[in-house]
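Tutor: Here is the model for today. Look it over before asking anything.

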Amino acid sequence: MTQASSPTDELRAAARSLDRRRFLTVTSAAAAIALTTHLPAPDANAAAAPRRPRHPAATIPSDPFTLGVASGDPLPDSVVLWTRLAPEPYAVDGGMADEPVAVTWELSLDPAFSTLVASGEVVAYPEFHHAVHVEPEGLAPRTDHHYRFRVGDWTSPTGRTRTAPEPDETPERLRFALVSCQRYDQGYYTAYRHLAAEEDLDAVIHAGDYLYEYAVGAAAGARAYTEPLPDVFDRETVTLEDYRLRYALYHSDPDLKAAHAAHPFIVTWDDHEVDNNYAAAVSQDADVTAEEFLVRRAAAYRAYYENMPLRTPQLPEGPDLTLYRRLNYGRLAQLDILDTRQYRDDQANGDGWDVPGPEVTDPARTLLGAAQERWLADGLAASDAVWNLLAQQVVVSRRSNPEQGEGTVSMDAWDGYPAARQRLLEAVSAAGVANLVVLTGDVHVHFALDIREDFDDPASRTLGVELVTTSVSSGGDGAERPDNWRAVTDANPHMRLYDGRRGYLLVTLDEERLRADFRVVSHVTTEGGTVSTAASFVSLAGDPGLVAAP
């Protein structure tokens, strides 16, 4: 028996075959979708370009590299290189003509580019907002490389990146930074300035909320600009044009550009890259249909791919983008990057904070979706790494908040999906994972948490540790001890740290231990903040659990 397709399924299928200038009507919902098919291949090695690129010198009279450069997703022999041409970044078209442009790229072992190891040409297509993604291969493992782009007489800033170790290598040490939540109008990116200038990293892991959909006024909120921003930012992002412009605003920040140029980024999203607390095809706004929301999601996903250093498998298909993926750092660490937004069931009990009831405890509820759950369980079972890192968005550990009512937990986090959490922990146990490390963002505070086998029993076995990074800017300056600090720490005996200031997290690994340094910034609502370490913890290999570092 053939099962009838839903309107949502029809829209998904149609979006994959829709020309970017056509209109689609599905169950009376008209949707203009500028999406993915019938577009030129973004790969520089594409066999045939739909349009021959013109010589750029005559068409780009000013610097097209205003948004900087970036790299990401390191492999032992490859890394993604990214830039986007935008001589006028706050213009809808970025100041670029509606034509493809040839861009050359170079990769060197030294910043003077005297030792080139790879170079080539890629085409920046207007269909991708003149963004380019280069995936050079054949690079030396665990090696620093320097890269740049050229268009005509223009040369980009130089970026530095680092490849991953060889698969059978056990590096002496790995160091990652974990960041999240960088609302532009709530503070400066001071954390990125320090991270770029002071930290020696294998990669920066971004746990989501890279941008926010909310309107940004002329003065940019807490930044209090005296030279006003264009009014194109003073509206919520809904269309492809809106999301593209918002990325241009964020990428124009000098501290964020410096961080991207200094380190490779490994990114995943949370909710605000699309819409606050969305769940799969469900908007937070009750009057928005699934069909309408998928059009918005398609626009947001398209802009995300265009503006992040992602590989070809992450190219979106209409409203879908496979973001979960796996990176290995030799035998020392396996990094699984998860997506807890695109496939989840809707938040129970209308979202917010609530006491778990029948809807919450329904064993069928999922946060990752069935396919991602299987992929993760299989990957954990096959892992031979010393450390298994899960980079994801919302807090896994129990997080009771007595100030919201006795027994209340977040419906948006894993607490709102306890059966899914139980399946995750069972997969960890079944795989024999000895050193689980969950890396989380979302909540705008630093948390250090032990992951208990049974959160109702403080004496139960510790299955791993969860390190939650605070925001880069979201929430303003914050406070070392928020108003609910005492109530929350008393209600959660597995919580080792709760700090409400802005900053980032450093995670250092070797064969014997993990070290977590929770870095905080003195202030972000004005420039010039200083950075310090609020607390440091270690967890020993084979003996999970956070203890204060000596």
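Student: In which loop does A224 lie?

Tutor: This is a predicted model, where local features need pLDDT of at least 70 and side-chain atom pairs count only at pLDDT 80 or more, while totals for chains, interfaces and linings use all residues. Residues are numbered from 1 along each chain as its sequence is written, and side-chain values use heavy atoms, leaving out hydrogens and water. Elements are DSSP runs numbered from the N terminus: helices are H or I with at least four residues, strands are E with at least two. A224 sits in the loop between β12 (203-206) and α3 (240-251).

Student: What is the phi of A224?

Tutor: A224 is not a glycine.

Student: Is C181 buried or exposed?

Tutor: C181 is in the loop between β11 (174-179) and α2 (190-198), and its phi is positive, about 60°, although it is not a glycine. Buried means under 20% relative accessible area, exposed over 50%, and partly exposed in between, with a 1.4 Å probe and protein chains only. Because the relative accessibility of C181 is 0%, C181 counts as buried.

Student: At what angle do α3 and α5 pack?

Tutor: Two packed helices are described by the angle between their axes and the distance between the axes. Axes are lines fitted to C-alpha atoms, for helices over the stretch in contact, and angles run from 0 to 180 degrees between N-to-C directions. For α3 and α5 (residues 290-307), the axes are 8 Å apart and the angle is about 35°.

Student: How many residues of the contact of α3 with α5 are charged?

Tutor: Contact means heavy atoms within 4.5 Å, and here it involves, among others, R244 and Y247 of α3 and R296 and E306 of α5. Ala, Val, Leu, Ile, Met, Phe, Trp, Tyr, Cys and Pro count as nonpolar, Asp, Glu, Lys and Arg as charged, and the others, Gly among them, as polar. The division is 7 nonpolar, 2 polar and, for charged residues, 4.

Student: Which residues does M308 touch, not counting those up to four places away in sequence?

Tutor: M308 lies in the loop between α5 and β14 (325-329) and is buried, with a relative accessible area of 0%. V267 is 41 residues from M308 in sequence, yet their C-alpha atoms are 7.7 Å apart. With that exclusion, M308 touches W82, H133, Y210, Y247, H251 and V267.

Student: How many cavities of 30 Å³ or more are there?

Tutor: On a 1 Å grid over the protein atoms alone, a cavity is a set of points where a 1.4 Å probe fits but cannot get out, and a pocket is an open set with protein on both sides within 12 Å along at least five of seven lines; lining residues have an atom within 4 Å of a point. Grid points are joined across faces, edges and corners, and a volume is the space filled by probe spheres set on the points. The largest cavity has a volume of about 30 Å³. By this rule the count is 1.

Student: Which elements give two or more residues to the lining of the largest cavity?

Tutor: The lining includes W387, L436, V465 and S539. The lining residues are 7 nonpolar, 3 polar and no charged. Two or more residues come from each of β19 (436-440), β21 (462-468) and β26 (531-540).
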